[in-house]
Amino acid sequence: MKSEFPMANPPPPSVGYSATITPPNQGAPTPRPEAKADPPPPFISPGGPRFALLQPDQIPSPSIKTPTVPSPVNGIRTGSPVPHLSTPPGPPVFSSPLQPAAVPFRTSPATPQPVALSSASSLPTSLPPHFSNGSVEFQHEVSDATDQSVPDAGSSYVLFSAHKVLKQKKLANIPSLGFGALVSPGREISPGPQIIQRDPHRCQNCGAYANLYCNILPGSGQWQCVICRSLNGSEGEYIASSKEELCNMPELSCPLVDYVQTGNKRPGFIPVSDTRMSAPIVLVIDECLDEPHLQHLQSSLHAFVDSLPPTTRIGIVLYGRTVSVYDFSEDSIAYADVLPGNKSPTQESLKAFIYGTGIYLSPIHISLPVAHTIFSSLSPYKLNNPEASRDRCLGTAVEVALAIIQWPSAEMGRGLVKRSGGNSRIIVCAGGPNTYGPGSVPHSFSHPNYPHMEKTALKWMENLGQEAHRYNTVVDILCAGTCPVRVPVLQPLAKASGGVLILHDDFGEAFGVNLQRASSRAAGSHGLLEIRCSADIIITQVIGPGEEAHTADSHETYKNDTSLSIQMLSVEETQSFSVSMETRRDIKSDYVFFQFVIQYSNVYQADISRVITVRLPTVESVSAYLESVQDEVAAVLIAKRTLLRAKTFSDAIDMRSTIDERVKDIASKFGSQMPKSKLYRFPKELSLFPELLFHLRRGSLLGGIVGHEDERSVLRNLFLNASFDLSLRMVAPRCLMHREGGTFEELPAHDLAMQSDAAVVLDHGTDVFVWLGAELAAQEGKSAAALAACRTLAEELTEMRFPAPRILAFKEGSSQARYFVSRLIPAHKDPPYEQEARFPQLRTLTAEQRTKLKSSFLHFDDPSFCEWMRSLKVLPPEQPS
């Protein structure tokens with residue numbers, strides 16, 4: 001059946017918190033934090049015994065931990081490098097465009113401190129006599145040369161919870177603190193890794209790669225594996241007459257290298273955007289929307305296609321009770337083939353139109369006018385059924401979209417189809433639940449067979465997601481509106497394909513931005529993550545967007561390969577894997593080694609093997625170990641392990657108690673008991689750690705801030721797969737106060753920041769709030785300037801974030817202000833001396849201003865951070881001066 005639409009005119013196309021943040025240069029590139037790369041352990045699937053599989057997200061907000069400078073909980077560290085926040089090509093202008101203003105602000109976001117590259121690798125005492133032939137000394141010199149080079153770029157990919165490892169197994173494996181790493185395989189940094197266009201040298205025993213920590217016999221070119229200590233040949237490549245020769249080998253001088261193989265796919269690897277083959281994008285659009293929602297959706301869709309690169313191939317599918325597949329074969333009229341939605345399409349029905357004369361994927365530079373016509377012709381839902389009761393065959397529509405991508409069409413005959421780089425994408429724009437056809441659930445929860453039908457739908461959706469993944473297709477589901485979409489039923493489809501499910505209030509600005517970012521985020525395919533570590537280290541859990549790979553599927557096998565292999569669902573910058581580790585026994589050596597290998601095909605159709613090698617020193621001193629702990633990384637790792645278990649709201653409540661027990665256990669094991677008292681003082685080396693956990697306990701992930709269980713479920717899935725930067729912001733909000741002259745001051749996220757003459761920006765990852773004090777709001781000119789500066793800052797802080805957060809602005813005392821207040825620690829309940837110790841900015845206020853601030857707070861039962869710590873019989877750590 002063909003539907004025809006006349007052509008219309010397309011629409012015109014911390015203590016020490018006072019640090020300052022400098023305004024970004026609009027044209028300058030955004031520098032990425034450089035820290036040392038560290039490796040992770042095995043992988044955990046939420047449903048599996050050992051691996052945890054979930055979804056992605058990211059923020060490139062750098063955070064560098066400077067050892068000499070205290071770091072506030074908000075993630076800003078005084079004295080850290082100034083970030084240049086540049087604005088990339090922005091999303092299309094929406095209904096209320098905001099002119100960017102120059103907003104200088106003080107203090108830079110911080111990144112965990114890079115692990116220093118240590119000098120020589122340690123060797124076993126019983127080495128063959130010929131091996132001690134000056135080679136240890138030689139390699140020592142080579143490593144020293146790398147130590148004094150620029151900070152390790154690999155640290156952008158791997159962040160360890162500590163930069164030292166305890167030798168004593170009993171202390172190292174205390175679970176309340178734990179040890180592990182966050183691995184971001186798809187992160188893009190500039191400058192990129194060293195590129196090597198030849199086969200790597202690998203250990204014939206365990207499969208590890210040659211690296212800068214290997215000991216090398218320059219006379220014979222043999223090298224010793226740092227993982228299993230086996231001796232390997234190099235086919236003469238490592239024979240050297242001087243150390244300079246070895247330094248010229250990238251893998252022997254850099255902890256991070258990319259082995260690139262282009263083969264016959266694309267002769268000559270040219271990493272330029274023009275060479276990138278855009279993967280096809282199929283929009284799957286709900287046609288059961290009321291007029292207001294439809295108008296917003298149309299605006300977002302028009303802006304979306306206008307923003308696409310001209311070579312992007314696009315398909316458009318609508319679904320309601322039937323599935324309409326639009327044909328781009330005519331330039332002046334849009335046609336749609338219509339399929340029934342009550343059952344999966346048969347092979348015959350798919351062949352009938354896919355192998356016909358229609359074109360269902362077309363380059364946007366050819367089909368843009370037709371796409372605008374299609375969007376303009378959409379009409380609102382005409383029946384009187386409630387939103388939740390309308391027939392939506394979402395499952396069938398995704399099946400059809402997948403068939404369009406995986407099967408050849410008439411376009412091939414024109415010579416227009418080439419192999420695309422990266423994953424294809426299906427983006428579902430949904431306004432309600434899947435209630436018709438395969439994978440559907442009844443309109444009403446009271447249906448007598450609802451539990452069974454929901455269980456069947458969950459399995460069907462998961463199978464469809466797995467099929468999409470087999471065809472290198474990611475399914476993102478962007479939901480909006482007030483109708484519940486039955487998140488538990490849709491989530492398996494997005495998750496199994498490597499995509500993401502996002503909830504929006506409406507189809508307006510935030511939805512439109514996420515539509516663009518979902519389509520434009522770079523994604524590699526065929527990703528495999530391998531982790532190897534010293535025999536003293538064991539990987540206990542991995543959480544992230546993947547599943548454990550079967551080693552039998554590997555092309556290469558090594559007789560003693562103990563690596564953990566994870567099949568990645570997609571390779572994207574917005575993702576990370578959380579790797580938990582333990583020590584297998586007391587460690588005798590001075591160092592332990594970790595190696596991460598990410599193999600994938602990138603968007604330029606080249607096969608990449610990214611190798612990151614890390615060496616961490618071992619120590620006996622507990623104090624030295626605690627000093628090396630990266631509070632923010634450790635807190636994010638703990639948060640991910642905790643959220644993995646918080647599947648329901650009742651689970652989340654139980655997890656709050658585990659946070660309490662964790663804090664008490666750390667204080668008793670690593671802290672000190674006060675004389676003649678049952679109180680313990682929390683270890684001073686972990687000064688930021690307990691406040692981060694307090695934010696986790698009361699925030700949107702475990703606390704009672706989020707009202708609907710669907711929303712909490714979506715946040716949980718985003719968090720479990722999110723990058724370090726976004727994860728940190730979702731755990732602990734970042735608070736910035738607007739100052740005279742357009743600067744912003746970093747402050748702890750305490751309610752003492754709610755000063756009536758100020759404007760405050762609070763970044764909580766998936767939400768950014770702009771709060772205007774009542775006194776400031778009464779001054780029309782000043783409040784408008786402050787609001788514009790705050791909005792600009794909010795957009796710059798989140799310009800690369802996916803999902804894009806909603807940005808809400810409101811005045812003191814308004815009903816929406818509760819979103820802001822509920823995320824701040826109620827420090828107004830603490831005595832003045834504690835307030836000043838943890839919120840030094842108070843000292844700048846006059847007595848009258850402090851009295852006015854104190855009187856502005858309403859009483860409620862939520863404890864402050866200090867009250868919570870004392871209820872656990874633990875004294876808060878003293879703040880560094």
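This is a predicted model: local features need pLDDT of at least 70, side-chain atom pairs count only at pLDDT 80 or more; totals for chains, interfaces and linings use all residues.
**Sheet β27-β28-β34**

I find an open sheet of 3 strands in the order β27-β28-β34, and its pairing is mixed. β27 (672-673) and β34 (874-875) stand at the edges with a single partner strand each, so one side of each has no neighbour in the sheet. I then checked how β28 (residues 680-681) meets β34: the two pair in the parallel sense, over 2 bridges. For R681 I noted L875 of β34 as the bridge partner.

**Helices α14 and α15**

I took helix α14 (residues 649-670) and helix α15 (residues 689-698) next. Their axes come within 10 Å and cross at roughly 170°. An angle over 145 degrees counts as roughly antiparallel, which makes α14 roughly antiparallel to α15. On the α14 side I listed R656, I659, D660, R662, V663 and I666 in the contact. On the α15 side I listed F689, L693, L696 and R697. Sorted by class, the contact of α14 with α15 has 6 nonpolar and 4 charged residues, and no polar ones.

**Strand β10**

I asked how many residues of strand β10 (residues 256-261) are buried. The count is 5 of the 6, so β10 is largely enclosed by the rest of the structure. I then looked up its pairings. With strand β6 (residues 194-196), β10 pairs in the parallel sense over 3 bridges. In that pairing Q194 stands opposite V257 of β10. With strand β26 (residues 607-619), β10 runs antiparallel, and 6 bridges join the two. There I noted D258 opposite R610 of β26.

**Sheet β7-β8-β9**

I recorded another open sheet, of 3 strands in the order β7-β8-β9, with antiparallel pairing. β7 (215-217) and β9 (231-232) are its edge strands, and each pairs on one side only. Between β7 and strand β8 (residues 222-224) I find 3 bridges, with the strands antiparallel. I216 stands opposite W223 in β8.

**Cysteines**

I searched for disulfides and the structure holds 0. C203 is in no disulfide, although I find the sulfur of C228, the nearest cysteine sulfur, 3.5 Å away. The cut-off for a disulfide is a pair of cysteine sulfur atoms within 2.5 Å. C203 has a relative accessible area of 0% and is buried.

**Hairpin of β29 and β30**

I ended with strand β29 (residues 734-738) and β30, which run antiparallel and are joined by 4 bridges. L736 has E746 of β30 as its bridge partner. The hairpin of β29 and β30 has 5 residues between the strands, and in it I noted G741 with a positive phi near 85°.

I also checked which way the residues of strand β30 (residues 744-747) point. F744 and E746 point one way, E745 and L747 the other way, and all are buried. I note that the buried residues of β30 include the glutamates E745 and E746.

Conventions:
Residues are numbered from 1 along each chain as its sequence is written. Side-chain values use heavy atoms; hydrogens and water are left out. Two strands pair if DSSP finds at least two bridges between them. Axes are lines fitted to C-alpha atoms, for helices over the stretch in contact, and angles run from 0 to 180 degrees between N-to-C directions. Angles under 35 degrees count as roughly parallel, over 145 as roughly antiparallel, 65 to 115 as roughly perpendicular and the rest as oblique. Contact means heavy atoms within 4.5 Å. Ala, Val, Leu, Ile, Met, Phe, Trp, Tyr, Cys and Pro count as nonpolar, Asp, Glu, Lys and Arg as charged, and the others, Gly among them, as polar. Buried means under 20% relative accessible area, exposed over 50%, partly exposed in between (1.4 Å probe, protein chains only).
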